[in-house]
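Dear colleague,

I am handing over the structure we spoke about, and I would be glad if you could look through it alongside the notes in this email.

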Amino acid sequence: MTTPKAVAGDTQPPTEEKLNAVLGPASPLWSGIVRAVEERIAPLDLQWKPSKSAFGSVCLLRHKKRTLLYLTPDIAQVWIAIGLGQRAYESAMTSSIPGTIKKRLSEARPYAEGRGIRFPVQSLSEIPVVTRLVELKTAPRTRT
């Protein structure tokens with residue numbers, strides 16, 4: 001698995017012990033999300049940045065300087081945040097992702113860079129939804 005690292009100006013990555021202490025039973029969710037995204041898109045860099053979360057920092061999963069996903073550790077759970085551009089948003093709305101995610105996307109305020117959503121991942125069975133969102137975000141443009 002990719003090891004967390006900090007780049008100039010970033011927060012130092014937390015120790016595995018600190019991360020696991022906060023996540024508790026959600027530790028397998030964290031590692032499962034990172035592993036699942038990395039299996040689809042590599043190389044994957046984990047970068048930590050300060051945040052207003054209770055944990056104090058957020059982890060960015062990046063590929064070639066592009067942020068794919070934000071992971072925020074919380075007490076016994078993992079929060080993810082992802083932004084989808086218009087093309088990815090339209091693909092998501094016609095995909096088989098759960099209706100609750102589609103509803104969040106449709107209710108998200110559209111910005112020039114896309115629509116962002118944030119939600120907790122509460123079980124290992126939800127990891128495929130996270131990876132599907134990343135796949136939609138990174139799908140190559142089709143020429144018409």
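What follows concerns the salt bridges and then one threonine. Please bear in mind that this is a predicted model.

The count of salt bridges comes to three. In one of them, glutamate 135 pairs with arginine 40, with 2.9 Å between the closest N and O atoms; since glutamate 135 belongs to helix H5 (residues 127-138) and arginine 40 to helix H2 (residues 27-40), this pair ties together parts that lie 95 residues apart in sequence. Glutamate 135 is partly exposed at 29% relative accessibility, and arginine 40 is likewise partly exposed, at 44%.

Glutamate 135 also forms a salt bridge with arginine 132, where the closest N and O atoms are 3.5 Å apart, and these two residues, three places apart in helix H5, are separated by about one helical turn. Through shared partners, Arg40, Arg132 and Glu135 are joined into one network.

Another salt bridge links glutamate 107 to lysine 103, with the closest N and O atoms 2.8 Å apart; both sit in helix H4 (residues 99-107), four residues apart, and so about one helical turn separates them. Glutamate 107 is exposed, its relative accessible area being 55%.

Turning to the threonine, residue 67 lies in strand E4 (residues 66-74) and, with a relative accessible area of 16%, is buried because that value is under 20%. The side chain of threonine 67 makes a polar contact of 3.3 Å with the side chain of arginine 62, and, leaving aside neighbours within four places in sequence, threonine 67 is in contact with Leu60, Leu61, Arg62 and Lys137.

Terms used. Residues are numbered from 1 along each chain as its sequence is written. This is a predicted model: local features need pLDDT of at least 70, side-chain atom pairs count only at pLDDT 80 or more; totals for chains, interfaces and linings use all residues. Side-chain values use heavy atoms; hydrogens and water are left out. Buried means under 20% relative accessible area, exposed over 50%, partly exposed in between (1.4 Å probe, protein chains only). A polar contact is a pair of N or O atoms within 3.5 Å; within protein, one must be able to donate a hydrogen and the other to accept it, and residues adjacent in sequence count only if both atoms are side-chain atoms. Contact means heavy atoms within 4.5 Å. A salt bridge is a side-chain nitrogen of Lys or Arg within 4 Å of a carboxyl oxygen of Asp or Glu.
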